[in-house]
Amino acid sequence: MAVTHGINTSKKATSVSVPVTVASGVHFVVGTAPVQMVGGKVNEVVMLNSYEEAVQLLGYSDDWQKYSLCMEVYSAFMLYKIAPVFVVNILDPAKHRTEEKAVTCTPVENRVELPLEVIADSVKVESKTRGEDFEVFYTDTACIVEFTTDTTGEVKVSSMSVDPSQVTKRDVIGGHDVTTHAITGLELIDSTFPKYTIAPDLIVCPNWSHDPEVAAVMSAKGENINGVFPAMAMIDLASTDNDGATYYTDAPALKKRNNFSKTNQIVCWPKVALSEKIFDFSVQLAGSMTATDNNGDLGGGTPCESASNKSLQADSTVLANGKEVTLDVQQGNYLNDNGIVTGLNFYNGFVSWGNYTACFPANTDPVDYFYCINRMFRWVAKTVVLSHWNYVDRSMKRRLLDAILQGVNNWLNGLTAEEKILGGRVEMLESENPLTALMAGRAKFHAYLTPPAPLQQMDWVLEYDTSYLTAALKVA
């Protein structure tokens, strides 16, 4: 009941909208993991926030040729300390498996060691009962059959194993099953935001992004996630002997042959290594980009800063066979001039080298070819979508439109003050909002912004000035 004698108070909604904070450098990764170790999920989007969580949900192995998601897990959590990461495992133990095989083994300390690929639930021991006579579990490198009583003689063990070699690019690309309505592979990127309310903006496919068809689908998905969100596709050029580039001058031709030329593709060559571990360059570059985005002194939570000339967690560039490739600045610049990012160990440690997307040099629009500017536009687009989604279907009144304009202009002014952009504003232009569009409930906002370009080249002119000589030798 309202107070009729005294003082009443009420609260009114703020007249200026405040944009939401949008994450930058969020990975969406499709690959294979040793899920037979933990009963992990297949063709489902899983959010990972730590190495321990990744091992618990996916399993882990250092054999990255078989288990490509483990490369991302190691890079993201052990080297770059970034989170969250969204992954999709496409290795299905029920589908990608061998026939049952039997082997005769001699237990050592009541244990038999089998390959990590063995599916624990399929293990059988002749004349013995699981749960009574033996148990099966995994270590970091093997599947172990442990007997509950002293067992010294030979035993016959039969089992089935996962076979990662049966995974094909069709599994990576995925799709929609018209019968079961199941969604698989890269198509699952559209399930990330509805499930976790986070939109990824870096798409990574370790061991597969060099394939032109996979790369094309990565790029296509990155153009229109959920119909509204953009993302970049991290692409590798193959560095194998048969179908790859094994010398730096071969890389541009391979890039052209594979049609890697999209504005949302970042193409890398060759691979990088840290000690004995070999990484796809795209995996480490994605980690470096995320770390740069979220470094308070660099991106400050935005993609305004290029990851070029920033440290990689690597000590060499290598080919697929592990042979080291040493590039100097001129060779690195040759790759850059052809729209390829590479690695350099010149003065300030081992760094990524290159600012261009795959569209360079054919496309000369800096919004398209500088990947930091390109990503900044995409980040702003994602921010305005999420910030104003709640206004959709509200009555289109002057006060609402003014609140949107004022809120975005205040936000852009803040980005300018923080030097994330050089300047920005948003307007509603009469020429872009005809009466018929307004009658139909459609309003168009025109945002102008200028992210800073990377300082790619400095030219110093040195001149001998005789006036200093005259002054120094002048008789007092």
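This chat walks through a predicted model of a protein, from its overall build to its largest cavity.

Visitor: What ground rules apply here?
Guide: This is a predicted model, in which local features need pLDDT of at least 70 and side-chain atom pairs count only at pLDDT 80 or more, while totals for chains, interfaces and linings use all residues. Residues are numbered from 1 along each chain as its sequence is written, and side-chain values use heavy atoms, with hydrogens and water left out.

Visitor: How many helices and strands does the protein have?
Guide: The protein has 13 helices and 22 strands, taken as DSSP runs numbered from the N terminus (helices H or I, at least four residues; strands E, at least two). Its C-alpha trace spans about 95 × 95 × 50 Å along the principal axes.

Visitor: And what percentage of the residues is buried?
Guide: Of the 476 residues, 47% count as buried, meaning under 20% relative accessible area with a 1.4 Å probe and protein chains only.

Visitor: Changing topic, how many cavities of 30 Å³ or more are there?
Guide: The count comes to one, a cavity being a set of points on a 1 Å grid over the protein atoms alone where a 1.4 Å probe fits but cannot get out. The largest cavity holds about 80 Å³, a volume being the space filled by probe spheres set on the points, which are joined across faces, edges and corners.

Visitor: Which residues line it?
Guide: The lining residues (an atom within 4 Å of a point) are S24, D201, P230, A231, M232, P303, R375, R378, W379 and K382. Helix α10 (residues 371-388) supplies the largest share of that lining, four residues.

Notes:
On a 1 Å grid over the protein atoms alone, a cavity is a set of points where a 1.4 Å probe fits but cannot get out, and a pocket is an open set with protein on both sides within 12 Å along at least five of seven lines; lining residues have an atom within 4 Å of a point. Buried means under 20% relative accessible area, exposed over 50%, partly exposed in between (1.4 Å probe, protein chains only).
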